[in-house]
Structures are given as C-alpha cells and as structure tokens.
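The entries follow in the order in which I made them.

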Amino acid sequence: MTALLSYKSICFFVFEKKEVEVSLLHQRQSTGRCYCDRQATKMLTHLTFSPAPFASTCRNKTQFKVFAEKFPSFLPKEVENIKDPFARKLAAKIERLPVHVNFSESCIMSSVVKPLKPSKTSPVVLLHGFDSSCLEWRCTYPLLEEAGLETWAVDILGWGFSDLERLPPCNVTSKREHFYQLWKTYIKRPMILVGPSLGAAVAVDFAVNHPEAVENLVFIDASVYAEGTGNSAKLPNIIAYAGVYLLKSIPVRLYASILALNHTSFSTIIDWTNIGRLHCLYPWWEDATVSFMVSGGYNVSTQIEQVKQKTLIIWGEDDQIISSKLAVRLHCELPNAIIRQIPDCGHLPHVEKPSSVAKLIVEFIQENSILEPQLVSQR
C-alpha cells in the first residue's frame, strides 16, 4: 500500500496536505508572513459554525434500503448495487445535455442534474472534487432545493457521467471551455459557484477567466495550493495508465474515503466508496484521467488574489487531507471572503454534514441578496 500511495497521480488529493504545507513553509520563509501560527488557528476556532437544525442529515437518516428508482440508461449498471437512498435518488435525476465546444467537432453529451424550476435568486451551481461526480452532492442537493434555490450539479469534463467516447482533451483549458459553454447555453445568468476540494481550484480558474459568469463563490475544504499534478505530467504513458488503473481500485478508493470522512461506519464507507468510483467504470475514464494528469493539472495559487467575487469559505474542523491552517491563509489572500468552520467534520462537509453546509450556503445567499439592493440605493 505504501508503494502504491507514493505515486502522486494515484492519491493526488491524499498528498495535497503535505504538498501545500511545504509550499506554505516556503511562503513563510520568503515573505515573513505567517498563516499557521497559533493566533491564526485561534481566529479560525472563533469562527466555528455550530449548526442549528436545518433538515435531516445524510448520516442520521440513511437507512440503507434498496428502492426501485428508474436510472438513466447511460449510467453504469453497477448503479443498481448502490444502497444509499440519497445517491440513488440523485442518480435517477442525472441527464445529459449537448454542449458545443471549440475543441471538438461533435458536441459533448454532458451530465448534469438540472433544477426543478427556475428561481428569482441567482442559480447555485455545484462542482465536485478531483476524479468525482455530481453524486458528491446526494445529501446537500435536496436541502438546497427545499430551500427554494435554483440548484444545478455539474460534472467537470473528464469526470462524472458525460459521454466521452470520442475523447476530447481533458486539460484545464478544455475543462474551463466546456463549463463556460454549458453555462452560456443553459444556465445563462451569473451564478453562485460552489467548489469542494479540487473543485475550488476549478472555480478559482473559472471565476478569474469568466468573471461575468460568477456572482459569488463558495469553497469547501478548498484544494487551491497544490502545484498541479507535479511529476505525473512527466511520466511515460504506460506508467501513467498503470497508476490511473490503480486509482479506481477499491483498496485505494477505500483508503481515501477513510481519510476523507470522519466518524463514519465502515459499511457506509464501503457503499460511499462504490458511489465515488461509479464513473470510473466507463471505458473512456482511464484515457480522460491520464489526459488530465499528464497535462499538469490545476495550479491556481497565483490567481487567488485576482478573485473579486465575495466568497464563503467552509472548512471541516477535522479535515485529515488539507490542513485547516490553509483555510486561514485562503481567507487572508481572498480580497472579499468570510470563513466558517464545521465541527466534528472531515474533508467532505457536504457529505458528512449536509444540513450545516446547506444552512451556510442559504444564509450566505440571503445576506448578499439583502445587501445588494442596499448598496444600489446608497449610490
């Protein structure tokens, strides 16, 4: 297992913690700025969010019974084996929309979960983390819908359940262009863009390049200080494919799930591991993932200070993958940000503590919708 985990592309997100802390040390030595001292940690502690009852949580209410949902025919047949009722219900809502991009002759049938109806408030668009899918939002998505928000869950190009049989490039530029065309064609209004883990890097890159499309941002345990995919970009293809093959293996996925989740039963982790690797069962998944890994991946640390949108930073207090000290650094570097911490929670608050995450997002949107008319009236 140790030999397997030494290969960065296999457990990219597992090693982010060590990489960003080393980067942080270099930053501290070169600039004299300290983001990791006790005072900063104490500041984050004072901003801890104590959740009030908002709605039932995924963990507390999950009774693993199999229901007879009708799943889209394009999903892998293994979706029938998923026990989590929240995942089954959201999977039944996934559909594919045609998206025309300038780097492919044919349109890409792109997987999304669309809102039930449009709303007067800005649309909320949910991204996902590294090598994941919209099913990350199985517990939080229905709570945002219940709150009356126009909520989209979008699969990033190269991951999720889109049709990539005619494989396009899956580098950062292609991912950005694909998401922009999807937004331009279907969403059409400035959005509240929500990015967990590596999805926060996707959101930073997108907000800086297409500020007209993003009204505000929400980052959840953001992975924005890792320097791309590192040495993976220089590996021969045969080694890259071997590593990516291992990435979808149950032992590696299970280990990553154990690190990411806090106080979750083993039987639940096994089911959630199967949910997390469901998209890996497509025949083109390996090609798409290798395409991303050898392209160099996301390196957005220099873009953070260019983000002008108001940003909510949410962090799990017990994140074992990315240090909460980096939440404080991110808060300092973003020009217009607020920060909230969720206690007794690991790297995936939107999975572990969906009611807390939904409540914070709803309050963030409501506060800004009240402030904006006031600012206009004062001009």
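Entry 1, terms and source. I took helices (H or I, at least four residues) and strands (E, at least two) as DSSP runs, numbered from the N terminus. The model is predicted, with local features needing pLDDT of at least 70 and side-chain atom pairs counted only at pLDDT 80 or more, while totals for chains, interfaces and linings use all residues. Residues are numbered from 1 along each chain as its sequence is written, and side-chain values use heavy atoms, with hydrogens and water left out.

I worked on a 1 Å grid over the protein atoms alone, where a cavity is a set of points at which a 1.4 Å probe fits but cannot get out; a pocket is an open set with protein on both sides within 12 Å along at least five of seven lines, and lining residues have an atom within 4 Å of a point. Grid points are joined across faces, edges and corners, and a volume is the space filled by probe spheres set on the points. I found three cavities of 30 Å³ or more. The largest cavity has a volume of about 430 Å³. Its lining comprises 25 residues, of which Ser132, Glu136, Ser257, Gly276 and Leu348 are the closest to the centre. Helix H10 (250-260) and helix H11 (266-276) are the elements that give two or more residues to this lining. H10 gives the most, with five residues.

I then sorted residues by class: Ala, Val, Leu, Ile, Met, Phe, Trp, Tyr, Cys and Pro as nonpolar, Asp, Glu, Lys and Arg as charged, and the others, Gly among them, as polar. The lining of the largest cavity has 12 nonpolar, nine polar and four charged residues.

How do the axes of H10 and H11 cross? They come within 9 Å and cross at roughly 120°, which makes H10 oblique to H11. Axes are lines fitted to C-alpha atoms, for helices over the stretch in contact, and angles run from 0 to 180 degrees between N-to-C directions. Angles under 35 degrees count as roughly parallel, over 145 as roughly antiparallel, 65 to 115 as roughly perpendicular and the rest as oblique. Taking contact as heavy atoms within 4.5 Å, I noted that Ile250, Arg253, Leu254, Ser257 and Ile258 of H10 meet Phe266, Ile269, Ile270, Thr273, Asn274 and Gly276 of H11. These residues divide into six nonpolar, four polar and one charged.

The axes of helix H9 (residues 237-247) and helix H12 (residues 285-295) come within 9 Å and cross at roughly 120°, so H9 is oblique to H12. The residues of H9 that meet H12 include Tyr241, Val244 and Tyr245, and those of H12 include Trp285, Thr289 and Val290. By class, the contact of H9 with H12 has eight nonpolar, two polar and two charged residues.

Helix H7 (residues 172-187) packs on helix H8 (residues 198-209) at about 65°, with the axes 10 Å apart; that makes H7 roughly perpendicular to H8. Val172, Arg176, Phe179 and Tyr180 of H7 make the contact with Asp205, Phe206 and Asn209 of H8.

I read a volume of about 200 Å³ for the largest pocket. It is lined by 13 residues, with Phe86, Lys89, Arg138, Pro142 and Glu146 the closest to its centre. Helix H5 (85-91) and helix H6 (141-146) each supply at least two residues of the lining, and H6 gives the most, with five.
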